[in-house]
Amino acid sequence: MPTLFQQIQAGKVWDFHGGIHPPSRKERTNQKPVALLDIPDRLYIPLRQHIGVAGKVLVKVGDRVLKGQALTQAENAMAVPVHAPTSGMVLAIDLHTSTHPSSLAEPTLVLAPDGMDEWRPRKPLDPEQVDVYTLLERIQESGISGMGGAGFPTHIKVNVKQPVDYLIINAVECEPYITADDMLMQERASDIIAGIEILVKLLSPKAVLIGIEDDKPIAAASLKAAIGQKDNYFVREVPTKYPSGGEKQLIQLLTNKEVPAGRRPLDIGIVMQNVGTAFAIAQAVLDDIPLIHRVVTVAGETLAQQQNVLALIGTPISDLLNACGFQAEPQQRIIIGGPMMGFAIADWSVPVVKTTNCVLAPTENELGAASDEMDCIRCGACADACPASLLPQQLLWYSKAKDQDKLAEYNLSDCIECGACAYVCPSEIPLVHYYRVAKADIRETQREALKAEQAKARFDARTERLEREKQERLERNQQLAAQRVAQQQASGQATQSAAAVQQALERTQQQSGQSLDKEQIIAERERKKAEALAYQQQKQQAQIATPAEDQAPGTAEDPRKAAIAAALARAKAKKQAEAQPEAVEQTAPAEIAPDMDAKKAAVAAAIARAKAKKQAEAQPEAVEQPTPADTAVPEVDAKKAAVAAAIARAKAKKLAEAQPEAVEQSVPAEIAPPEVDAKKAAVAAAIARAKAKKLAEQAEAPLQTEAKATTERALPPERQEPATTPEQDAKKAAIAAAIARAKAKKQQNSEPL
Amino acid sequence: MSFKIASSPHQHIQKTTAQLMKLVALAAVPGIAVQAYFFGYGVLIQLLLAIITALLCEAAVLALRGKKVKAKLLDHSALVTALLLAVAIPSYAPWWLVVIGTAFAIIVVKQLYGGLGNNLFNPAMAAYVLLLVSFPLPMTSWLPAAPLQQQSLSPADAVCTIFTNFSCSGYSISQLRQDADGISMATPLDTLKTDLSQGYTTEESMKKPVFGWLSGEGWFWVNLAYLLGGLFLLQQKVIQWRIPVAVLGSLFGFSLIAWLLSPDTNASPLFQLFSGATMLAAFFIATDPVSASTTEKGRLIFGALIGGLAFVIRSYGGYPDAFAFAVMLANMTVPLIDYYTQPRTYGHKSKGAR
């Protein structure tokens, strides 16, 4: 059993499954020399003409560029530049309809040729003298990408790390009509071989296999002549059958190997290059001519002159057709590429690009338009024709059903869209179109799935981050708490309460380990409250003693003053009304009756008025009650006192609503000693303080306003006094002063709070 | 200037479904002619009846289904169905037989399953089975071949017999089938089956007049004509070789084994190949693309299954001819066969069992 290489050397050619034999119609163009066209008026040069990314634009609108000058610069491996096909001026860099089935607009440089066709300086290389990297760089800088169809950047494809067994040169050109490669081989065989030699230097393959269909005898003979006596160069003529020029099919034909699904030819030691690409490499390296033109077959029966032309990249299709005597017919189709895999264009201003090998302008008679699609009769002609051994009728069924699982099971992704199935289909079903739609749907589904996956990953990451941050906060808080404890202990200021708070804190931390901040704050607040309470009690005790001493020298022996105080006390006792209304009402009149005289009553009334006024600020309605009492003041009698008492009661009641506890604390003390003495006065003062404090709390007003209010409260009695009882001035003033003092003091006390 | 947009490929083989169907009909012409010569002009009347019924039924259902009636009628698939059923029915069978059968084939078997391309069963064969099961007597009342017939029948007789059950001379169908001795003559396959069941050897049975050279009188030529038509279809690439070869090969193989083992109780392989509907079934019926397997391996299996089943039913079943049943049974297995005979896709490893 001879080895594969021996079989190849012996000239064996294998076969692939399926395939079709459409009329080739190549004889129309393969015997005429490649024509040169006039330089067109405008060149539309898409910035990206290959698979990959566009380079950075190097020129700007208005620049004059020379022939062969790079218009873009490759900034990354997947980029290849484009070049000015002739000298001229950059008119615009704008969007222009692309030479692509989608017809999407793409960035395109518009060049206005100046007709001088002036070259930039050229620097030919000698492949024998330069290293591999220089060659690769030159190939990239010359803008070379696969010219067979896909347009993959050549410098990537030939920059390989793996060993290469076979370099296959694809000269099959199996599509009907197209003879661009055929003519190139007939005319420039030696250049092609020179390009292949450069590829050999880059790839070091075991053998070079040139695959060519047996309908191109002249081209094959030219190549053989150019090869001469070189070792391990084999020109292999394969039977004419579409699509033997497909990469996978040609590999199978020449080596009997299959590229495993989802892999590249390189994985089985094979690199394939198009014959046109080999020519472009030779031009780039040996003559420093970048990829600025290519041979294009212009064919179709609407043309007076069907031929191959050497077209500058960027030449509008309309120029090509018109140069060949185009006569449009109704429902005219213009096809870029061959009749099997080419795409129809709607707008003929699209330019020739690096992968444009053919422009077809057929008559309706020549290439009949698709007629109505009929039902699939499952004849299986498509399966017989399929070069990938797929079952197109099943794929059609599942494509229509949008059953992506089944499509995957039946290997839709291995469809090369050669169109053999649709060509043979007796029901004229556009099978390839169905598959393209299904493939697009699958890609969309995959994109969706990917997006969903990414969204989930994002969500998970976010959840994790939030959890992590929460943990970090918790740890930080614990550390801070520990630091505080340490600080307090270190400074020796750790009080009992602080220690207790700390303990409580630790307990809560142990219990929940959460909401530490909040609990800490609450505990802190509690502690402060407790401190404040203790402080306040201390103060109160101190004050109870102080006012009694203060008042003792000036007022102690005066029974009248005592009576006033008693009146005040009574009024305050009324505050208790809420809690014990009956008791107050029973005691108050009884107390008032025995000691009541005119002066005392007047003073009491004055005080009551003052207080009423103060209350009016808070509750306007209450004022209406005290007013009648004010007007009655001149008549000094028991009734007035009763009225005053009533007003006081009302006032007290209102106050009681706000803070009953404070009243309860002080009132029992008041009620207990019925005798009128200095002590009572002191108690009364204390009560007054408490009341004032309560008011302050209630209003939450700034202290200054409170102080002002207090002065005001003290003043009115003085103003009214002259009208009432002038002779009692000194005594009354003293009493008022005492009250004012007490109140002022009380405010001071409240300040630290 | 704006141009017309179309999806690739822009080139198309000029062979449509309608053309394929017309070629099938054309290829059947020699067989029909020979059949008309040996078994009477009735076959032409049956053909006419079947075609009219088929087109009417097809048009009616297509209209009901809201399809393009004219375009679909012109695919000629109904024509082929009608043709296959008409030639399978005895030439002088009453007119309603072929009408019922064709209507059933088109309406139920084809259109109710979704129309062309969606029917699981071969419409002509399903209709044949329906008629055979429902109306066994008229369905088996084949006249002997012309040389054996006692009365010569004119085209007028054919019309009379089909529409009135009596020839213009007043003979009933059973009278027409009688030989000189007044005994009804069955088809060769039927005769052989009956004789074998009565203890005759094959050789003894073969001496009867219904048998001619190699197979039944007249039947050999009919089969030969259909074989020629089939070869024409192969040459035109309307059908692929796998199914007919598998059908004939399998039938030949099984009958050869049986005949070698017991020549007295089994017909010879060549007799099997040139009797009854063998060639018609192998080239025209089993190759119906819609109801046959579509994979290369599957077609071989499908054909072999038909041949094998035909042999088994002919030899051991209750019916003298068997292709209708064999084809229907094989039709049922097609989805399974197709699933398990998917070809290995380029670049993929063989799927083992699959």
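Modeller: Two residues are in contact if their C-beta atoms, placed from the backbone, lie within 7 Å. Among contacts in chain A between residues at least 6 apart in sequence, 73% join residues at least 24 apart. This is a predicted model, in which local features need pLDDT of at least 70 and side-chain atom pairs count only at pLDDT 80 or more, while totals for chains, interfaces and linings use all residues. Residues are numbered from 1 along each chain as its sequence is written, with chains lettered from A and ligands numbered from 1 in the order in which they are written.

Helices (H or I, at least four residues) and strands (E, at least two) are DSSP runs, numbered from the N terminus; chain A has 25 helices and 16 strands. Of the 753 residues of chain A, 44% count as buried.

Leaving aside residues up to four places away in sequence, A:Ala207 touches A:Ile8, A:Tyr166, A:Asn232 and A:Phe234. A:Leu167 is 40 residues from A:Ala207 in sequence, yet their C-alpha atoms are 6.4 Å apart.

An automatic or database domain assignment gives the domain bounds, and chain A is divided into domain 1 (4–289), domain 2 (370–494) and domain 3 (534–750). The C-alpha centres of domain 1 and domain 2 of chain A lie 34 Å apart. Their contact takes twelve residues from domain 1 and eleven residues from domain 2 of chain A.

As for the partner chain, the contact between the chains takes 53 residues from chain A and 33 residues from chain B. Strand S14 (334–336), strand S15 (343–345), helix H12 (420–424) and helix H13 (431–491) of chain A each supply at least two residues of that side of chain A. This side divides into 33 nonpolar, eleven polar and nine charged residues; Ala, Val, Leu, Ile, Met, Phe, Trp, Tyr, Cys and Pro count as nonpolar, Asp, Glu, Lys and Arg as charged, and the others, Gly among them, as polar.

On confidence, the model scores ipTM 0.86 and pTM 0.70. Chain B averages a pLDDT (the predictor's confidence in each residue, from 0 to 100) of 88, and 97% of its residues score at least 70.

Conventions. A residue is buried if 20 or more other C-beta atoms lie within 10 Å of its own, exposed if 12 or fewer, and partly exposed in between; C-beta atoms are placed from the backbone.
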